[in-house]
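Please find below a colleague's note on the structure shown here. It is arranged as numbered points, each on one topic.

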Amino acid sequence: MDDERLDLPQGTLDLLILKTLSLCPAHGWAISERIRQVSRAALQVPQGSLYPALHRLERRGWIRARWGASDNNRKAKFYELTPSGRTQLAAEAGQWARLTAAVGFVLHMS
Amino acid sequence: MLSELWSDLRYRLRAFVHRAELERELDAELEFHIAHAAEAYERQGLPAGEARRRARLAFGSVEDIKERSREARGTTFLESVLQDLRYAWRGLRARPAFAVGVALTLALGIGANATMFGIVDRLLFRPPPYLRDPGRVHRVYLSQTYARTEYTERDASVARYLDLARWSHGFSAVAPFGTWRIAVGMGDATRELPVMGASVAYLGLFDARPALGRFFTADEDRLPTGVPVAVLGYAYWQVAFGGSRDVLGRELQIGRTAFTIIGVAPEGFVGLGDDEVPAVYVPFAAFTWNARPEDHTTDYHWQWLELAVRRAPGVSPAAATTDLTAALERSWTAQATWEPNRASVAAAKPRALLGPVRVQRGPLPDAAARVAVWVAGVALIVLLIACANVANLLLARAVTRRREIALRLALGVSRGRLIRQLVTESLLLAALGGLGGLMAAQSGGALIRRLFLPADVAAPVLGDGRTLAMTALATLAAALITGLAPAVHALRSDVARDLGAGGRDTDARASRLRTMLLTLQATLSVVLLIGAGLFVRSFGRVRDLRLGFDVDPVLVVTLNKRGVELSFDQQIALEQRLSDAALALPGVTGATPAATVPYWAYEGRALFVAGIDSVDLLGDFVMQAGNPDYFHVMGTRLVRGRGFDAADRAGAPPVVVVSAGMGRTLWPGRDPIGQCLRIGADTVPCTTVVGIAEDARTQSLSQPRTYTYYIPVSQFRAPTGMLLVRVAGRAEDHVERVRKGLQAQLPGAAYVTAQPFRDMVAPRMRSWQLGATMFVAFGGVALALAGIGLYGVIAYGVAERRREIGIRLALGAQRRQVLALVVRGGLRLIASGVVAGSVIAALLAQRAASLLFKESPLDPLVYVGVAGVLLLVAAVATWLPATAAARVDPSVTLRSD
C-alpha cells in the first residue's frame, strides 16, 4: 500500500464526484480514475463507497444516469450532473473553501 | 426543498417498482468496473487470469457493495414491508375462519364509529358548505329575564331585526332568514314545501354561485314589499323540473303570490343547514310581504325569523356581543313607546348572544343532538370492546406461536423486525376490518343517519374525505391497540425457555394480560348495558305516559285561505261546514274546529280570578276551543261535571271546562265547578266552570305546570283555522281521503292539509326513542362481542389447563370440584368487571340524567339486571368448556404430550 495515500474525510466523496461530473459525464470507473489522476494519486476513492455514493446522489436528484457506449464500445452507465446538482456543487465547494480556510487560519496562528 | 423531497420519493418508488431491472443494471455496472480494472492490470503486463483476480481483490466484496448500493437507493424498508405483508397474508390465508372473525369484529366497531362520526361531525363541527370565513359568522340568540328566569330564543321579529341592523356597528352583515312550509304550485299539483325567505345579506355569507341564472339583488329585497322573484334549490329543480334549463322566467305560485324564477342554487347548497333543505329561496322582503302584508315590519310580537351575523374585521366576539346588546336595549326602549305596559330594560335585562353557526352547539341544542354525542361515545366503547376481543385472540395465537417466534429469534431475526411483522399482521387485519366497516357504515349506517340528521341532507360515507380520514385513523388505532399485546409478548419472550418448553406449559404473563383485557371488556359491556337499560326504561315510561288525549286516531286538518278573502263570520261558517263534511266521510267518527293543537300551535289569553294577583305566575295556561264533539274527538276524559252542548251558543252564558290541575291551582281546597273565570280582561263577565277534564300534557312531556281550559268554539267567536278529525283505526290510513273530501268544500285557491296528529307528537318522543334504540343496538353488539370474547378466552384457558385438570382428577379430585374450580375462576373475573362497570356507569349516568325521562340514573333494577345477565353469560361461557375438560379421561390427557 502506498504511504502517500490520504483517507477521504467524511462527506468529501460526494463533493469530489459532483466536481468530476461537472466537467463531463462519466462512468464509475472513469470517475475514480480521474480523481486519482487529478489528485496525483494522493486521493484513492474507496471502491466500496463509490457505487453506494452514486446511487445516493442519484436518489437526491443531483446526478442522473444514462446507458451509453464507453471508449472501447462497451455498454456503460454514464452519470451526469443535473441543474440542482450544479447548485449543490457550488454550495458544497463554497463550504469546503470556507472550512479549509478557517482550519488554515487556526493552524497558522502564532 | 419540496422538489427535492418529491424527486427523492419518485426515485424510491421507481427503484421499488423496477427493482429487478435495477438489480441487473447494478450487476452490469460493477462488472464493467472490474473489467476496466482488469484491463489496467493487463496493460501493466499481468496475464489475463491474474489481472482479473487482482481487480476483484482490489474492488472488495461485490455482495457488500451491492447491499450498500441497494440501501442507498432507499428501498430496503419498502421491500421488507412488502415481505411482511406477504407473510401476514399467507398466515391469514392459512386460517381463514380466524381472519374473517377478526375482520368482522373490527368491522362492527369501525363501522359504528364511521357512522356516528359522520353524524356528530355534521351536527356539531363541520361548517355548512359554501360558508365563507365561518369563524366570523354567528347565529344570534336573544334572551330576557322574566320572573327571575332567563329565557333564550332564536326567533326574532322583523321590527327587532330592523332595530338591530340600524343600531349595531360591529358587523359587516346582519342577515335575517326563515324557512316555512308554504303551498307551492297551483291546483292539484300544489304541495307544501319548505320555502326560505333569504335576505341578500344572508346569501352574501356564502361563496355560492348559482348553478343557473342569478341570485336576488338588493333592490329586489327591499322592504316593505320586495320583488316576487325566486331561486330554486338544486334538488327541487332536479325533481320538479327535471333539471331543465328553461325554467328561468317561468312563474311559480308560492302562497298567495306568483313568483318569477330567476335562478337555481348550486348543488349541495343548504344555507346554514340546520333545518329542512329549502326547495325554493325568495327575497326576505317578498317573503314577509307574502306572509303578512299589514304590519309586518312593525309588530315586535311576530317572532319567526332567525338572524345570522358576520363580525366586521377586527371586532372581537366579546365586543360584538356588547355592541349587539346595546342595540337590543335601544330597540327594547323603542318598543315601549308602542307598548307602555312593557317591562323596563332594567327589569327584563334583554341580552344578545352570539352563538356558533351550528345550532346544535349553541345554547339551545335539541335533545337528539345531545343523544347523538352520547351514542358516538357508545360507538367508541364498542370499538374498544372489539379491539380487546381481537387483542385477546391475537395474544392467544402469539402464545401458541411461541416456539416459532423463539426459533426465529434464535436464528437471528431482530426483535424490531419481528414486532414490525406482528404489527403488519394486525394492520392487515384492521385494514380488512376498516373496509368492512366502511361498507357497513355506507349501507347500514343510512338507517341511523336518517334518525339523527334532517331529511334531505346528503351524508355519504365513501365520498366524504373527513369520514374516510377518521375511518383510516380508527383503523390505524385499532391495529396498534390489537397488535400491541402480542408484540410486547414477543419482545419479552425468553428464547431458551420457550424453545425448551415445547409449547406445553402455560405462560403466566400472557394469561395475566388476557385476564386484564377480559376484565376491561366486561367492564365496558356493563357500562353499555346499564346505559341501554336506563334508556329503555325511560322510553317505556314516555310511551306509557297518559298524555290526556289520544294521538293515533286523530288527524289535524289545517285551512289555508291563500288570498281568498273571507269575513270572520264567513270563515266560522266555513269551518262549521268543513267539520260537518268531515263527519259525513266514511271512517270518520268525530270532527271539531280547534284553536290549539298540542305540540304544534297554541292559543292563550290573560286570565283573571278573584283573589289571585297574577294568574300568569302560577303556570302556563293553554286555551282550547272546540264543539260539543271535542272531548270525544280527542279522547280527553271528563272527570266531573259536563262538557259542551248545543245550548252553549254564541249568546248563551259563557262556560268553561278546566283541567283538574288547573282547578286545584286556582281554587285550592274548593270545588272549581261553579267558579268564575274572567278570560281576556278583568272587566268582562264571568265564564262559569261547568266541568273538570283530566290533565293534558300539551307543551312538553315532562313540564308539570301546564294547564288547559276548554271553551265552546261558538263562544270563541273567531276562526280557528284548524280542525281535529277522529277516525276509526289509525290516522295515517285516512289522510288522503279526508283531505280530498274537505278540499271539495273550499272556495278559490284555498286549500287544506291533513296530517296525522302522531307526526306532531312524535318529535317530542324522538330523543327518548333514539337513545333507547341506539343504546340497545350498540349494547347488544357489545354483549355479543363480550360474550364471544369471554367464551374464547375461558375455553382457551381451560384447554391450557387440561393437564392440570387431568392430574387433579388422577389424584382423586371429584369432577364436581374441578368444575367448581374452573367456573369460579371465570365468574370472579367477570364479577370484578361488573363492579367496576357499575361504578363507571353510575358516574356517567348522572351526566346523562337530563336525557332520561322520570328514570333515576341509579335505577337498581337496571344495575341488578345487567349484573345478572353478564354473570349468566359468564357462567355459560365457563360451564361448557369446563364440563368438556372434566369429561376427558385423565389417562388420555396426561399421555397426550
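This is a predicted model: local features need pLDDT of at least 70, side-chain atom pairs count only at pLDDT 80 or more; totals for chains, interfaces and linings use all residues.

1. Contact between chain A and chain B. Chain A contributes 16 residues to this contact, and chain B contributes 22 residues. On the side of chain A that touches chain B, the elements giving two or more residues are α2 (28-38), α3 (47-60) and β3 (75-81) of chain A. Of these, α3(A) gives the most, with nine residues. By class, this side of chain A comprises four nonpolar, six polar and six charged residues.

2. Helix pair in chain A. Helix α1 (residues 12-23) of chain A and α2(A) have axes that come within 10 Å and cross at roughly 100°. An angle from 65 to 115 degrees counts as roughly perpendicular, and α1(A) and α2(A) are therefore roughly perpendicular to each other. From α1(A), the residues making the contact are A:Leu16, A:Ile17 and A:Thr20, and from α2(A) they are A:Ile31, A:Arg34 and A:Ile35. This set divides into four nonpolar residues, one polar and one charged.

3. Open sheet in chain B. Four strands of chain B, in the order β13-β21-β12-β22, form an open sheet with antiparallel pairing. Because β13 (588-593) and β22 (751-756) of chain B each have a single partner strand, they stand at the edges, and one side of each is left without a neighbour in the sheet. On average, neighbouring strands of this sheet are turned by 20° against each other, direction ignored.

4. Strand β21 (residues 722-727) of chain B runs antiparallel to β13(B), and five bridges join the two. B:Val588 has B:Val727 in β21(B) as its bridge partner. Helix α20 (residues 568-584) of chain B packs on the sheet, where it touches β13 and β21 of chain B. The direction of α20(B) makes about 170° with that of β13(B).

5. Helix pair in chain B. Helix α27 (residues 815-847) and helix α28 (residues 860-887) of chain B pack at an angle of about 150°, and their axes are 9 Å apart. This angle makes α27(B) roughly antiparallel to α28(B). The crossing of α27(B) and α28(B) is right-handed. Residues of α27(B) in the contact include B:Val818, B:Leu819, B:Gly826 and B:Ile830, while those of α28(B) include B:Leu870, B:Leu871, B:Ala874 and B:Trp879. The contact of α27(B) with α28(B) has 17 nonpolar, four polar and one charged residues.

How values were computed:
Residues are numbered from 1 along each chain as its sequence is written. Chains are lettered from A and ligands numbered from 1 in the order in which they are written. Two residues are in contact if their C-beta atoms, placed from the backbone, lie within 7 Å. Ala, Val, Leu, Ile, Met, Phe, Trp, Tyr, Cys and Pro count as nonpolar, Asp, Glu, Lys and Arg as charged, and the others, Gly among them, as polar. Two strands pair if DSSP finds at least two bridges between them. Axes are lines fitted to C-alpha atoms, for helices over the stretch in contact, and angles run from 0 to 180 degrees between N-to-C directions. Angles under 35 degrees count as roughly parallel, over 145 as roughly antiparallel, 65 to 115 as roughly perpendicular and the rest as oblique. A crossing is left-handed if the near helix is turned anticlockwise from the far one by less than a right angle, and right-handed if clockwise.
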